[in-house]
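I opened the model to look up its fold, its cores and a few residues. My notes follow in the order I took them.

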Amino acid sequence: MRFSKQADTDIKSRGASRPFWLFVFPALIVVLTVLVYPMFYAIYMSGYEWNLFNQTGRKFLLFGNYVRLFKDSEFLHSLWLQLGFIIIALPIETVIGFFVALLLNREGKFFSVVRSLLLLPVFILPVISGLTWRMMLQPEYGMISFILEKLGFGVKAWLAEPKFAYGMVIVQDVWRMWPFMFMFIYAGLSGLPKESLEAAQIDGAGFWTKVFKIIIPYLRPTIATAFLLRLIDALRIFSEVYVMTGGGPGNATLLLSLYINKQAFEFFSIGYAATMGVFLLIIALAIAFFVVRGNIQFEGERG
């Protein structure tokens, strides 16, 4: 027993004598390499007229590329499509996830199995999801096209018509990502005090009263966190849209991430592409700031 205590003391003293940065340094190197360096290098590139195949002909523009952004009608169109995608898809995913979480917030093997199965779309690779939906919407042999035809919508090339392609991209994203919102909201519901619901039940509160007066206020921090994570992911959506439509027909689904890819790897204008990437980063940081600040203020008022 004495030997064990002495050994523990020796281990603790050796650990305390080591500088703390020995443990932090490896993680710091990873963060600097993977996150910080690419971000600052993108900011550096955004200050130049920089062609990928003309490294010697760089021209320093300072804020010239940023001024060009707001004169570029195609960029403004892509930005509008990106914001529209977020405004439509994310609230739908949140509402579906919320009510499915309420429905499945029950004990039992059946509900456990159903909850597990519902999470499967989240783990499907975006490329696979996009290809699957592209095949299902194929007008001749696609399953969804067949069902819609039988419902009286006729045979349509859903991804070849601008007015339908954008909607189908949103439908695909809602199908794949609403379980992500469900997962967070269900986790929050598991910590909801049952006493509050029972007290409301005794007072004669109806379903909607309990939802808006008890459940949503309690889940607001959880929903805000899930919404923020989903928002950041939606801002950089690329793979599924690229394989579904390639940004077409025309520019009907040319979201901002696809337009950045187009500028970088079709026109080889990496300086301008970096500018759009930095602009996208600023949008994400601004939205994150307001969401987090609102969440902190709410927690302060509730506390």
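How many helices and strands does the secondary structure of the protein come to? I count 13 helices and two strands, where helices (H or I, at least four residues) and strands (E, at least two) are DSSP runs numbered from the N terminus. The radius of gyration, taken over C-alpha atoms, is 25 Å, well over the 19 Å that the globule rule gives for 303 residues, so the protein is more spread out than a compact globule. That rule is 2.2 Å times the number of residues to the power 0.38. Along the principal axes, the C-alpha atoms fill a box of roughly 70 × 65 × 40 Å.

Before going further I noted the ground rules. This is a predicted model, in which local features need pLDDT of at least 70 and side-chain atom pairs count only at pLDDT 80 or more, while totals for chains, interfaces and linings use all residues. Residues are numbered from 1 along each chain as its sequence is written, and side-chain values use heavy atoms, with hydrogens and water left out.

**Burial and cores**

I looked up burial next: 38% of the 303 residues are buried (buried is under 20% relative accessible area, exposed over 50%, partly exposed in between, with a 1.4 Å probe and protein chains only). Of the contacts (heavy atoms within 4.5 Å) with a separation of 6 or more, 69% join residues 24 or more positions apart.

Which residues have the most contacts inside the largest nonpolar core? They are Phe 75, Phe 85, Leu 137, Leu 255 and Met 276, in a core of 47 residues. Helix 13 (residues 270–302) gives the largest share of this core, 10 residues. A second, separate core has 15 residues, among them Leu 104, Leu 189, Val 211 and Leu 219. A nonpolar core here is a set of buried Ala, Val, Leu, Ile, Met, Phe, Trp, Tyr and Cys residues joined through side-chain atoms within 4.5 Å.

I then listed the partners of Leu 255, leaving aside neighbours within four places in sequence: Ser 78, Leu 81, Gln 82, Phe 85, Tyr 166, Ile 237 and Val 241.

**Helix 8 and helix 10**

The axes of helix 8 (residues 162–189) and helix 10 (residues 207–235) come within 9 Å and cross at roughly 145 degrees. Axes are lines fitted to C-alpha atoms, for helices over the stretch in contact, and angles run from 0 to 180 degrees between N-to-C directions. From helix 8, the residues that meet helix 10 include Phe 180, Phe 184 and Leu 189; those they meet in helix 10 include Leu 219, Ile 223 and Arg 230.

**Around helix 7**

Is Ser 145 buried or exposed? Ser 145 counts as buried because its relative accessibility is 4%. I found Ser 145 in helix 7 (residues 143–153). Not counting residues up to four places away in sequence, Ser 145 touches Met 136, Leu 137, Gln 138, Pro 139, Lys 156 and Trp 158.

Gly 154 lies in the loop between helix 7 and helix 8 and, at 28% relative accessibility, counts as partly exposed. The C-alpha atoms of Gly 154 and Pro 139 are separated by 9.6 Å.

The peptide bond from Gly 248 to Pro 249 is cis, with omega near -5 degrees. Pro 249 sits in the loop between helix 11 (239–244) and helix 12 (256–265).

Leu 62, a residue other than glycine, has a positive phi near 60 degrees. Leu 62 is in the loop between strand 2 (54–60) and helix 3 (64–69).
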